[in-house]
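Please read it alongside the sequence and the structure.

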Amino acid sequence: MVASTAKQTSNPLSLKDLTDFDQIYRHYWSELFDRAYKRIQSVEKAEEIIQDLFVELWEKREQIEIRESLEAYLFGALKFRILNYLRHEKTLESHLRIIREHAVKTTNNLEEEIYINDLEAAYKNQVDNLPEKCRAVFELSRQEQLSFKEIALRLNVSVNTVEKHVGKALRVLRLHLKDFTFSLLLFWLS
C-alpha cells in the first residue's frame, strides 16, 4: 500500500481507514522528522510540526487534492510548515528584542532618576549645612549666577572674602559628595 501511495495521483486522497493512514504515517514519519529537525534543530518542535501535518492530513483527507504524489504533497506541506515556523520565530525574536531594549531603557531612566534625586538631596543637605555667610555667598554665585564682584558689593564684603567662601563651599561639597560620579558633580557645580 505505501509503495503505491508514493506514486499516487488520485484525488481526493484515498485513505479508506485508519490502517491506510497508519501505514503512511509509519512510512514517512522518520524521513519527515529528519528533514524538519535538520532545519529547526529542536526535537519537540520537529515532532509537533510532523504531528500537526498528519492530523491535518487525516482531518482533511476528503478535501486534500494530491496533484503529483503523496510524498511530494507531504514534503511540500512540511516545507511550508517549517517556513511558517521559522518566520514566526524570527518575528517573535524581533518583538522580544524590542521589549528587552525598551525594558533596559526604562530601567536605565529609572536608575538615573533615582541617582539624580539622591544627588539633589545630598547636594541640598550639604549646602544647607554650610556656615551662614558661606552658604549665602555660594547660593548667590551658583543660583543667581552673580560674579564675585557683584556678590561682594551686595554683601558689603571684599572680593577676596567671596572667593574664600566659594572655595570653602566647593571643598565641603566635593568631600561629602565624592560617592557620586565626578561628571554629575561637575555638572551641578558648573
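In this predicted model, F21 has a relative accessibility of 12% and therefore counts as buried, the cut-off being under 20%. F54 is likewise buried, at a relative accessible area of 1%. The points below begin with the aromatic pairs, to which these two residues belong.

**Aromatic pairs**

- The count of aromatic pairs comes to five.
- F21 and F54 form an edge-to-face pair, in which the ring centres are 6.0 Å apart and the planes stand at 85° to each other.
- Because F21 lies in helix α2 (residues 18-40) and F54 in helix α3, this pair ties together parts that are 33 residues apart in sequence.
- The rings of W29 and F33 are arranged otherwise: their centres are 5.0 Å apart and their planes are at 5°, so this pair is stacked.
- W29 and F33 both belong to helix α2, where they are four residues apart, which is about one turn of the helix.
- An α-helix has 3.6 residues a turn, so residues three or four places apart point the same way.
- W29 is partly exposed, with a relative accessible area of 24%, whereas F33 is buried, with a relative accessible area of 14%.
- Ring pairs also link F21, Y25, F54 and W58 into a cluster.

**Helix α3: length and faces**

- The buried residues of α3 are A46, I49, I50, L53, F54 and L57.
- Seen down the axis of α3, these buried residues fall within an arc of 130°, and they therefore line one face of the helix.
- On the face of α3 that is turned away from the buried side, the exposed residues E44 and E59 are found.

**Helix α5: a buried face**

- In helix α5, which runs over residues 132-142, the residues C134, V137, F138, L140 and S141 are buried.
- Viewed down the axis of α5, the buried residues fall within an arc of 165°, so that they, too, line one face of their helix.

- L92, L96 and I99 make a nonpolar surface patch of about 260 Å².

- V166 lies in helix α7, which covers residues 159-176, and at 3% relative accessibility V166 counts as buried.
- V166 and F148 are 18 residues apart in sequence, while the distance between them in space is 9.1 Å, taken from C-alpha to C-alpha.

**The chain as a whole**

- The secondary structure of the protein chain comes to eight helices and zero strands, so that its elements, read from the N terminus on, run α-α-α-α-α-α-α-α.
- The protein chain has 190 residues, of which 29% count as buried.

Note on methods. Residues numbered from 1 in each chain as written. Predicted model: local features only at pLDDT ≥ 70, side-chain atom pairs only at ≥ 80, totals over all residues. Heavy atoms only, no water. Buried < 20%, exposed > 50% of the residue type's maximum accessible area, 1.4 Å probe, protein only. Helix = DSSP H or I, 4+ residues; strand = E, 2+ residues; numbered from the N terminus. Arc of directions from axis to C-beta. Patch = residues over 30% accessible without salt bridge, like charges linked within 9 Å, V, L, I, M, F, W, Y side chains within 5 Å. Areas by Shrake-Rupley, 256 points an atom, 1.4 Å probe, with all protein chains shown as cover. Salt bridge = Lys/Arg side-chain N within 4 Å of Asp/Glu carboxyl O. Phe/Tyr/Trp six-rings, centres within 6.5 Å; stacked < 30°, edge-to-face > 60°.
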